[in-house]
Amino acid sequence: MSKVFEFLKPYAHLLALAFALLVVEALCALALPGHMADIVNYGVMTGNITFIWRTGIVMLLITLLSVVAALSMSYLSAKISTGVANDMRSAVFKKVLGFSNAEINNFAASSLITRTTNDITQIQGTMMMATRLLVYAPILGIGGIIRALNRDVSMSWVIFLASICMVGMMSVLFVVAMPKYRLMQTLVDRLNLVSRENLSGILIVRAFSTQVFEKKRFEKANRDLTDTSLFVDQAFAFFGPSIMLIMNLATAFIVWLGAHHASAFRIDIGDIFAFLQYGILIIVAFLMIGIMFVYLPRAVVCANRVQEVLETRSSLRWKENPLPLPKDFKGVVEFRDVNFKYPDASQEEDAVLTGISFTARPGQTTAIIGATGSGKSTLFKLLLRFYDVTGGGIYLDGMDIRDIHKEELHGKIGYAPQKALLFSGSIKSNLLYADKTAGDQRIATAAEIAQAASFIADKEGGYSANVAQGGANLSGGQRQRLSIARALVKNAQIYLFDDSFSALDLKTDALLRAALKKKMGGCTVLVIAQRVSSIMDADQIIVLDQGGIAGKGSHFELMGTCAVYREIAASQLSEEELKA
């Protein structure tokens, strides 16, 4: 919760003004019953019309002041709560952007989305009410008790008894609701996860005819959330009528006792009206606090979940004073005895990579091949510092990447990931994602090298053609070519292609590789591939097997020295190609 209060600091002046307005509004509400009593006692009972008019005008002015204060307070509370929610969402989003893959996996994307949207919305709504109720209700309640006692002490036990009953009810509800609200937010995470998996994997669901299974999975997550919500809602549904019952009983007792006291001339009629109104104000104050008890437990849970994200430190440590890369940066990539295991791995045998050492030089293409799960993509994640090595080091032009500024490191690398993810917008906006300053000529050149220019020209609007979320309106091959073109737009010294040619036909693959070799001759190119035919002409091929290097060299060298490479080649190439 402490983090939430930190977001209130920029709005301290507005909060102080809001509280001042609340005090004015509460004092106005407390003043009206006294004036009403005076009208009855000194105006109606004595027939003093002038007094009635004069006091009535004062009450009207007090009411107008109360309305102005209430409207101003509503505006300020909305401004404060929406401002805090905006700042909080920005802080969470910025924090998540700085997370390594380890923290992302630890929280899960579905939970991070829920915390950024649903949780902060809950905090915003509660804060808007709390700004008003947590100040207004206590002033109203305490002030009402004082004013009521000034009018008549003998009937105060009614208000005292009603207050005890309401405090007891709110305490029970708070104890019951808090754990349920905590569970509810976890169930919201679960429902979000199931929904996202179902929507993103809809083609797989249909292909395997598992609609019934997915429906049952969704219904279970939905039912668990519904049952928990129903329990909480039913508990609080009991609260409203109970408060009304207490308020009506208290009113009846006050009228009954007041009638007895009035008949015995121990209290004025106007004071009975005033005491009755103060009693209602006191009960309303408790009702307001009770409403806060409805929302506050869930808001506390949400605030703790948001705070958990904000207080999580990334496992990656970027130096405060990083070293600059040399001005004559060449782009030599060197892995020196690199070892790596994922953060949740406990045993040494769980290491993904062990003893990886090789050098990729400018003007050369270094290809990486190996069985599924051998750690190929992990090499790129380490080079980009999505994770840190657990042993050894990775160097650019002899500098440890841990000593280089994050922006400078990523600025030297063009990356085409294994999954060709595109963003909603246009083809041009996706290509400019790599470099906002790139001109039309650089974009066109990148598209030509990636063999994307032809299908872009065929589309209505060309580079302005619409791209749906995730590139859903494009084929797999088109997405891959745009992903490659986006990496090339960056105009970097180092290029990483993580199995980026897998969806391309052999002809397009060959044309793309030839264009890359011709146009990117002075760059360091690292390629992860599954097809031997795609990397046969690479200057250096690294063969990975079970996290280690099984072979290193050219295609012809490996065919003679590396059994793992020969097995891969034999499974993909014909006898003529093997002998060539």
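## Where R305 sits

Which helix is R305 found in? R305 belongs to helix α10, residues 269–311; helices here are DSSP runs of H or I with at least four residues, numbered from the N terminus. This is a predicted model, where local features need pLDDT of at least 70 and side-chain atom pairs count only at pLDDT 80 or more, while totals for chains, interfaces and linings use all residues. Residues are numbered from 1 along each chain as its sequence is written, and side-chain values use heavy atoms, leaving out hydrogens and water.

R305 counts as buried because its relative accessibility is 9% (buried means under 20% relative accessible area, with a 1.4 Å probe and protein chains only). Leaving aside residues up to four places away in sequence, R305 touches S111, T114, R115, D119, Q185, T186 and D189 (contact means heavy atoms within 4.5 Å).

## The α2/α3 pair

Helix α2 (residues 12–44) packs with helix α3 (residues 49–97) at about 160°, their axes 8 Å apart. So α2 is roughly antiparallel to α3 (angles over 145 degrees count that way). Axes are lines fitted to C-alpha atoms over the stretch in contact, and angles run from 0 to 180 degrees between N-to-C directions.

## The open sheet

Six strands make an open, mixed sheet, ordered β6-β9-β10-β3-β11-β12. Strands are DSSP runs of E with at least two residues, and two strands pair if DSSP finds at least two bridges between them. β6 (413–416) and β12 (548–553) are at the edges with a single partner strand each, so one side of each has no neighbour in the sheet.

Strands β9 (residues 494–498) and β10 (residues 524–528) run parallel, joined by five bridges. Within that pair, L496 stands opposite L526 in β10.

Notes:
Buried < 20%, exposed > 50% of the residue type's maximum accessible area, 1.4 Å probe, protein only. Parallel < 35°, antiparallel > 145°, perpendicular 65-115°, else oblique.
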